[in-house]
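I'll jot down what I look up as I go.

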Protein chains: 2
Amino acid sequence: MNHEFFKIISRVEFEALLNSFAAVGTKKVSISDACGLVLGEDIISPEDLPPANRSCMDGYAVNARDAFGATEGNPAYLECSATLKVDENPDFELQPGECAAIPTGGTLPDGADAVVMVEHTQELGAGTIEIRKSSAPGEHTMLKGEDAAKGDLIFQAGHKVRFQDVGLLAALGIKDVTIHRKPRVGIISTGDELVEIDSPQKVGTIRDVNSHTLRCLVNDAGAEAVNYGIVRDELEKLENTLEKAIAENDLVLLSGGSSVGMRDLTVQAIESMQNSEILAHGVAISPGKPTILGRAGNKPVLGLPGQVTSVQVVMLALVVPFIRQLMGQTNAFSSTDRVLVQAELGRNTVSKPGREDYVRMKLTYREGKLPLAEPIYGKSGLLKTMIQADGLMIIPADTEGFYAGNTVNLWKI
Amino acid sequence: MNHEFFKIISRVEFEALLNSFAAVGTKKVSISDACGLVLGEDIISPEDLPPANRSCMDGYAVNARDAFGATEGNPAYLECSATLKVDENPDFELQPGECAAIPTGGTLPDGADAVVMVEHTQELGAGTIEIRKSSAPGEHTMLKGEDAAKGDLIFQAGHKVRFQDVGLLAALGIKDVTIHRKPRVGIISTGDELVEIDSPQKVGTIRDVNSHTLRCLVNDAGAEAVNYGIVRDELEKLENTLEKAIAENDLVLLSGGSSVGMRDLTVQAIESMQNSEILAHGVAISPGKPTILGRAGNKPVLGLPGQVTSVQVVMLALVVPFIRQLMGQTNAFSSTDRVLVQAELGRNTVSKPGREDYVRMKLTYREGKLPLAEPIYGKSGLLKTMIQADGLMIIPADTEGFYAGNTVNLWKI
């Protein structure tokens with residue numbers, strides 16, 4: 001295969017290729033264990049919530065018409081026909097001119113459509129209640145099915161479960177849900193110059209930083225990282241490790257192939273796998289251009305730049321959303337899934353047209369103003385630029401940059 | 001103890017009380033397992049990173065003075081005195097008029113302070129190199145100690161470890177770090193009306209939603225949730241469960257005590273613990289006013305509102321940052337630790353002065369404009385208001401609200 005035929009593709013084209021991979025399988029888990037995972041089924045409400053009209057306050061259940069327009073100076077007078085308990089299902093219908101004492105959480109009788117808080121009433125004796133405040137239908141009550149009506153589509157497959165969603169599932173009596181399992185992500189570091197991080201500094205060696213940052217990013221994204229250590233620049237060794245990693249994982253990340261030689265080795269190793277192909281060889285983002293996407297069987301393999309900060313940006317820009325897609329999340333690449341912070345740009349920031357730039361930015365918070373965002377300049381080989389960064393500013397491929405004073409969106413990291 | 005003496009305190013006062021509790025203990029872990037946890041030690045750089053001046057490009061190491069002002073039309077000519085390898089520690093000094101071929105990552109010889117990229121040079125034979133581009137000191141090189149100098153304070157105790165920090169630690173050869181262990185958080189649901197979530201709907205019973213949402217929130221915050229199930233409204237049973245939970249955890253959360261009776265029972269149970277006291281009984285936030293803070297020995301106990309959405313807001317506003325403080329994080333209550341999204345308020349939103357309001361808000365993203373934020377009105381007993389919310393808008397206690405069109409900060413949830 002002649003790799004000269006590969007041309008650099010845009011980020012959007014690269015995402016489209018990533019989108020062709022299917023999500024991992026599903027399993028049933030307790031709702032408490034579903035938080036942060038993605039639903040593999042639509043959730044239909046099995047019942048009405050609340051199951052009946054309920055009072056939100058201690059007070060009197062009324063028909064709002066009977067208390068309409070009531071004030072301190074011009075109260076309404078109603079006859080109290082019952083004193084309801086919280087666990088009582090009233091079997092009578094409230095008649096015009098009647099009310100019923102009701103506790104918080106109590107079920108409203110038929111004929112009642114609102115609750116007047118006890119502090120706006122006065123017992124006058126002989127069952128007469130003075131109502132000193134006007135009432136509107138639905139006031140201080142939760143209506144049957146107001147939170148969820150039986151048969152409602154509550155959450156769609158592809159929705160990421162949040163704590164508040166777990167609350168609604170619990171309230172509906174749903175104990176288990178089907179979610180996509182955590183994808184397993186194999187991480188292989190490649191390069192003759194790489195040494196374990198506890199090796200002493202030696203000229204010509206570089207400690208294997210990427211295994212550790214990738215592991216953190218993969219786990220943070222909600223997947224399960226599996227490290228395969230450092231593989232030397234030998235095709236056979238790389239093939240053996242890659243084959244094992246593909247068999248054991250849903251996605252394999254190779255890092256280190258930033259030199260032309262290593263990139264070729266990565267491509268060769270991917271191509272030597274059964275039923276494999278190279279889908280992309282280069283993406284028009286900076287940093288991150290030399291990223292490779294391959295397929296072995298139905299499993300994706302990504303060849304990432306070896307440069308320590310480039311690989312971090314590629315992980316954030318492409319791989320973390322891709323992991324969410326493998327986890328089953330709908331629109332995993334949509335930018336609204338990222339937390340964007342608006343800021344005022346502190347200085348002119350230029351970019352080469354034709355590529356999407358991910359500029360590391362530092363935020364300074366200011367009282368009563370947008371935070372100030374300053375680009376962090378520094379050699380891309382330095383780790384400290386990512387350490388100092390609060391966010392990334394994306395300069396689109398069709399833009400030459402932004403001016404100082406422009407309002408920009410930073411993607412919080 | 002007469003609880004009438006307790007007055008509602010402000011959120012700031014409540015946080016000051018929470019701040020009096022010490023962080024949990026520390027332990028040493030591998031840097032790969034430190035991500036998301038908080039450092040329990042200052043990290044001092046043990047060496048210079050990079051350890052020597054290194055080339056970022058393939059090219060020629062030069063003294064920038066010798067190539068200053070060089071252009072295509074007016075090149076400089078230097079004699080190539082050596083061809084360096086990536087693992088070579090040069091033992092010579094570059095003389096004026098000399099250059100040395102150097103690969104990416106190679107160590108610069110003494111006397112060289114910049115690298116000219118190979119594409120801006122031409123070999124003319126007999127060791128003469130034509131330099132076609134001006135060079136500046138430091139260009140295309142990483143200077144010794146530029147990422148971290150030996151003895152630099154890299155991270156302070158109290159810093160939460162992020163993926164990029166793990167990268168710097170790895171590059172410095174630091175394999176293990178001391179972090180605060182995950183706090184254990186006991187969760188007790190209280191209330192006679194509560195039933196397990198798989199119980200059928202029955203008038204007068206409420207499924208135990210809070211055990212599940214609290215568990216998710218606690219785990220999301222980075223702690224370890226331990227559930228103690230539902231305890232009936234009996235002092236002795238509550239005391240027994242509370243005692244066990246205090247012994248086994250770093251923090252205990254009681255939820256369900258929103259009625260006056262339950263609040264009293266919570267207070268009594270806390271007071272019956274050894275060496276205990278009630279520190280606060282009510283905080284001026286809405287929702288969340290009936291929150292109780294106690295101490296048993298040196299361990300905090302929080303009595304949370306039972307109302308399903310109130311307890312979620314109190315968790316976000318107070319308990320999640322408190323958990324981060326227990327995890328050792330510096331300034332855990334600082335609002336810059338929260339992700340704030342600026343938005344345009346879609347309608348006038350009023351608040352009672354004297355309390356801090358946490359208004360649930362829905363965001364609509366718009367092209368080229370601030371997102372539009374609309375308050376979600378709905379009875380506070382409804383779960384769906386939190387389901388629909390993208391963020392919380394905080395209306396300070398000294399403010400009566402905001403106007404439509406105001407620029408507001410939403411705290412992304």
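**Entry 1, the layout.** Before anything else, I note that this is a predicted model. I looked up how chain A is divided and found four entries: domain 1 (3-25 + 182-335), domain 2 (26-49 + 147-180), domain 3 (54-142) and domain 4 (338-412). Then I checked a distance over C-alpha atoms: the centres of domain 1 of chain A and domain 3 of chain A are 66 Å apart.

I picked A:Ser189, which sits in strand 13 (residues 184-190) of chain A. Is A:Ser189 buried or exposed? With a relative accessible area of 0%, A:Ser189 counts as buried, because the cut-off for that is under 20%. Next I looked at its side chain, which makes a polar contact of 2.8 Å with the side chain of A:Asp208. Leaving out residues up to four places away in sequence, I also listed what A:Ser189 touches; among them are A:Leu194, A:Ser211, A:Gly229 and A:Ser255. A:Ile230 and A:Val231 are on that list too.

**Entry 3, a strand.** I moved on to strand 6 (residues 98-102) of chain A, where four of the five residues are buried, so the strand is largely enclosed by the rest of the structure. Which strands pair with strand 6 of chain A? Strand 5 (residues 76-83) of chain A pairs with strand 6 in the parallel sense, over four bridges. I also noted that A:Cys99 in strand 6 of chain A stands opposite A:Cys80.

Notes: Residues are numbered from 1 along each chain as its sequence is written. Chains are lettered from A and ligands numbered from 1 in the order in which they are written. This is a predicted model: local features need pLDDT of at least 70, side-chain atom pairs count only at pLDDT 80 or more; totals for chains, interfaces and linings use all residues. Side-chain values use heavy atoms; hydrogens and water are left out. Domain bounds come from an automatic or database domain assignment. Helices (H or I, at least four residues) and strands (E, at least two) are DSSP runs, numbered from the N terminus. Buried means under 20% relative accessible area, exposed over 50%, partly exposed in between (1.4 Å probe, protein chains only). A polar contact is a pair of N or O atoms within 3.5 Å; within protein, one must be able to donate a hydrogen and the other to accept it, and residues adjacent in sequence count only if both atoms are side-chain atoms. Contact means heavy atoms within 4.5 Å. Two strands pair if DSSP finds at least two bridges between them.
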